[in-house]
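Here are some notes for your reading of this model. Please keep the structure open beside them and find each residue as it comes up.

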Amino acid sequence: KKQVTVSTSLKDLPARATPPVILLKLDDLRPVNGQVHASWKRVTDYLQSQGIPCGIGIICENLNEASPDFVAWTTQQRASGMVEFWFHGWDHGVWTGPEGNKRSEFSGRSTAEQIQRFTQSQQLAKEILGFNFKTFGPGGGGRTGHQDAATAAAMQNDPQMQVWLYPRPIDPIGREVAAAGQITILDRVWEVNLENRVGQPDYQRLINGYAKHPERQYFVLQGHPTHWNDVRFNEFQKIIEFLIAQNAKFMTPLDYVATLNGMPAQQVSK
């Protein structure tokens, strides 16, 4: 039988002991003909007009094609303290594993291969953009998970890495990495997200999921701004307006981890 989704109304939301922390995880920034795609400027302009920080995931393969305008924009965004740029992969490509399965970039590759993707991306980001990444979130695609034990080894091999935007609820690999102490795992609640499918913000779905997790301290909300037309962008705005009304505290991943470690926010973002 087809499941029937019951829509939660705002008046039926359960009370929360404290407002949530919201980490906006916006994916897939890369130079497009050397430039910043207009959708990125729209979303950052809007968020900054509301005083809301976010995290933006960079795909690194063609950073050497970045125009001076692209570099200037990323530099300005980062200097504002309102945007943390994080590592979203070398190419975000889907590849075919030896068993014939379509796999995402960080699924099924050897530890050496995954370390190489981290290393060459960090080198190019430093060379072109002037900074190294401290946060990582793997790309999706394919028919398997988006990370594995080799990804954990690559994360722990990179001395810059401090935060893992885990694309799933925490599992044994994540617990082991967290216990080692170098890296903080920020995991996901699948039913609380900006989008119901890639590129499709869904206000009501977020409300429905949010209502089920009144004790959850933070939510990582993923979105893909280059897929948002005007209608989808308006749906994103509705979500943000709802979260503002909930007195949510928006933070970058690094700043949130800083507060968990007893440090002032933005001390580690620069």
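1. Start with Leu23, which counts as buried because its relative accessibility is 1%, and the cut-off for buried is under 20%. Bear in mind throughout that this is a predicted model. Leu23 belongs to strand S1.

2. What does Leu23 touch, leaving out residues up to four places away in sequence? Its contacts are Leu186, Tyr218, Phe219, Val220, Leu221, Met251, Thr252, Pro253 and Tyr256.

3. Next, look at helix H1, residues 38-49. The helix has 12 residues, and from first C-alpha to last it reaches 17 Å, close to the expected 16 Å. Just after H1, Gly51 has a positive phi of about 70 degrees.

4. Which residues of H1 are buried? They are Ser39, Trp40, Val43, Thr44, Tyr46 and Leu47. Viewed down the helix axis, the buried residues of H1 fall within an arc of 160 degrees, so they line one face. Ala38, Asp45 and Ser49, on the other side of H1, are exposed.

5. The cover over the buried residues of H1 includes strands S1 (21-29), S2 (54-58) and S3 (83-87). Helices H2 (68-79) and H7 (230-245) are also part of that cover.

6. Now turn to the aromatic rings. The whole structure holds 20 aromatic pairs. One of them is Phe85 with Phe131, a stacked pair with 6.2 Å between centres and 25 degrees between planes. Phe85 is in strand S3 and Phe131 is in the loop between helix H3 (111-128) and strand S6 (135-136), so this pair ties together parts 46 residues apart in sequence. Both Phe85 and Phe131 are buried.

7. Compare Phe87 and Phe136. Their ring centres are 5.4 Å apart and their planes are at 35 degrees, so this pair is tilted. The pair links Phe87 in strand S3 to Phe136 in strand S6, 49 residues apart. Phe87 is buried at a relative accessible area of 1%, and Phe136 is buried at 0%.

8. Ring pairs also join residues into a cluster, made up of Trp73, Phe85, Phe87, Phe106, Phe118, Phe131, Phe133, Phe136, Trp164 and Tyr166.

9. The charged end of Arg42 is over the ring of Phe233, 4.2 Å from the ring centre. The charged end of Arg216 is over the ring of Tyr218, 4.3 Å from the ring centre.

Conventions
Residues numbered from 1 in each chain as written. Predicted model: local features only at pLDDT ≥ 70, side-chain atom pairs only at ≥ 80, totals over all residues. Heavy atoms only, no water. Helix = DSSP H or I, 4+ residues; strand = E, 2+ residues; numbered from the N terminus. Expected span 1.5 Å × (residues − 1). Buried < 20%, exposed > 50% of the residue type's maximum accessible area, 1.4 Å probe, protein only. Arc of directions from axis to C-beta. Contact = heavy atoms within 4.5 Å. Phe/Tyr/Trp six-rings, centres within 6.5 Å; stacked < 30°, edge-to-face > 60°. Lys NZ or Arg CZ within 6 Å of the ring centre and 35° of its normal.
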